[in-house]
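Please read it alongside the sequence and coordinates shown below.

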Amino acid sequence: MAESSLKEVTEAMDTLIQHARNQGIAPHSRRKMRLFSTKEVCNLIGKSTTTLYKAEEQGIISKPDLNPDTGRRLGYTLEQVNALRNHFGIVPKAKRKSPESFLGITTALYNFKGGVGKTTTAVNIAQYTALQGFKTLLIDMDSQASSTALFGIIADEEISEDETVLPYTLYGEQNSLEYAIKPTHFDDLYIIPANQHLSSSEFEAASQISGGSADEALEYFQRLRDGVDTIKDQFDFIFVDAPPSLGIIGIQTLLSVDNIIIPCPPRMLDFVSTRQFLETATEYVGRVAQGKTFNSIKVMVSMYDRRNSMAREFMEVMEAVLDSHMYSNQMLHSESIDNSSAVFQTPWESEKPDKRITENMRGLFNEIIKDLTRRSGYDG
């Protein structure tokens, strides 16, 4: 019987991952966002086709290329959409009082149970806020680096430890997190990537904390918050994809934000685990940062299958128990989300977006944006 090594299995899995990645990104090419139709652009900027075509004639944006087979316009880039927004002075409602400034709203997607839709929500809401004209940053604090991968970056091949948060949070080698910010294929959407070094750094962090005083330990737990503070005036929204644990990095993540979204499928085991997460998080935060408060902490129902009778019944229980502590909209379970993830994409990037799912996410994310901006003192 032939023997196998962990390295051989790892290499075999790498082959499959690279194949899947190539399905979403052509070899040796830069990741690109899909083009938007004339109708989509008019909806995004709230203008008529006549106004759009006039902007082309005025040279605000260039005319799209034509499909040689059909003669139809191929579409507009998100950069062109944002150029039109700038030209017409179109800014999101929350920014209308001061369109040149940024909101600086920080939010973690957190639950220490895996498989609840945490990363899916983090990436999709970050992309949605960018589509709406908000300058957005996604910080990946999960060593599995799934958020990083969904932006076409294979973390441990393309991202070094020096490109994560660690030079700031662990080694104290940087004065700001600005060094780690990378642009993505979404205009005005940026990422601080993760890789497996985040996980291994917990051991080194533990030795730092155990060897110092209580004040030094507290300072370490607050380093990510301090780092976020150095850059949050550059962004409207900063979303943090938290690790699925309440270890050292998990506590750092909790302390770094003003809002928490807790994805939870409508299932008893997930609900029990989420309740345990909240109890443990409350205990840990109380130990290391007594008096820490949040603008908003809400449960978001994720992976909801309306066809499942037990899920529908449990939804009613969750609504009755959580009431205002839960968003009224839910993230639906969808094969289109799974299929997009299989090639490192999201429904927003699909050439033919699943309208049912994008409309579902639009309703949920608009509710979340309104809640976050209102609780942060803005007119969302």
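How many bridges join E1 to E5, and do the two run parallel or antiparallel? Five bridges join E1 to E5, and the two strands run parallel. The model is predicted: local features need pLDDT of at least 70, side-chain atom pairs count only at pLDDT 80 or more, and totals for chains, interfaces and linings use all residues. Residues are numbered from 1 along each chain as its sequence is written, and side-chain values use heavy atoms, with hydrogens and water left out.

**Sheet**

- Helices (H or I, at least four residues) and strands (E, at least two) are DSSP runs, numbered from the N terminus; two strands pair if DSSP finds at least two bridges between them.
- Seven strands form an open sheet with mixed pairing, in the order E3-E4-E2-E5-E1-E6-E7.
- Its edge strands are E3 (182-183) and E7 (296-301), each of which pairs on one side only.
- Strand E2 (residues 136-140) is joined to strand E5 (residues 237-241) by five bridges, and these strands run parallel.
- Within that pairing, Thr-136 stands opposite Phe-237 in E5.
- Helix H5 (residues 118-131) packs on the sheet and touches E1 (105-109), E2, E4 (189-192), E5, E6 (259-264) and E7, where contact means heavy atoms within 4.5 Å.
- The direction of H5 makes about 165° with that of E5; axes are lines fitted to C-alpha atoms, for helices over the stretch in contact, and angles run from 0 to 180 degrees between N-to-C directions.

**Strand E1**

- Five of the five residues of E1 are buried, so this strand is largely enclosed by the rest of the structure; buried means under 20% relative accessible area, exposed over 50%, and partly exposed in between (1.4 Å probe, protein chains only).
- Ile-105, Thr-107 and Leu-109 point one way from E1, while Thr-106 and Ala-108 point the other way, and all are buried.
- Ile-105 stands opposite Phe-237 in E5.
- E1 also pairs with E6 in the parallel sense, over three bridges, and the bridge partner of Leu-109 in E6 is Ile-261.

**Pocket and cavity**

- On a 1 Å grid over the protein atoms alone, a cavity is a set of points where a 1.4 Å probe fits but cannot get out, and a pocket is an open set with protein on both sides within 12 Å along at least five of seven lines; lining residues have an atom within 4 Å of a point.
- Grid points are joined across faces, edges and corners, and a volume is the space filled by probe spheres set on the points.
- The largest pocket has a volume of about 1,100 Å³.
- This pocket is lined by 37 residues, of which Glu-40, Asn-43, Leu-44, Gln-132 and Arg-362 are the closest to its centre.
- Helix H2 (38-45), H5 and helix H16 (355-375) are the elements that give two or more residues to the pocket lining, and H16 gives the most, with seven residues.
- The count comes to one cavity of 30 Å³ or more, and the largest cavity has a volume of about 30 Å³.
- The residues lining the largest cavity include Met-141, Val-165, Tyr-220 and Ile-249.
- Helices H8 (166-169), H9 (197-210) and H12 (248-256) each give two or more residues to the cavity lining.

**Cysteines**

- The structure holds zero disulfides, a disulfide being a pair of cysteine sulfur atoms within 2.5 Å.
- Cys-42 counts as buried because its relative accessibility is 10%, and Cys-264 is buried with a relative accessible area of 1%.

**Backbone and individual residues**

- Most residues other than glycine have a negative phi.
- Phi of Met-303 is near 55°, a positive value; Met-303 is found in the loop between E7 and helix H14 (309-322) and is partly exposed, with a relative accessible area of 29%.
- Asp-323 has a positive phi near 50°; Asp-323 is found in the loop between H14 and helix H15 (335-341) and is exposed, with a relative accessible area of 56%.
- Ile-45, found in helix H2, is buried, with a relative accessible area of 5%.
- Leaving aside neighbours within four places in sequence, Ile-45 is in contact with Val-81, Leu-84, Arg-85 and Ile-90.
- Ile-45 and Phe-271 are 226 residues apart in sequence and 40 Å apart in space, C-alpha to C-alpha.
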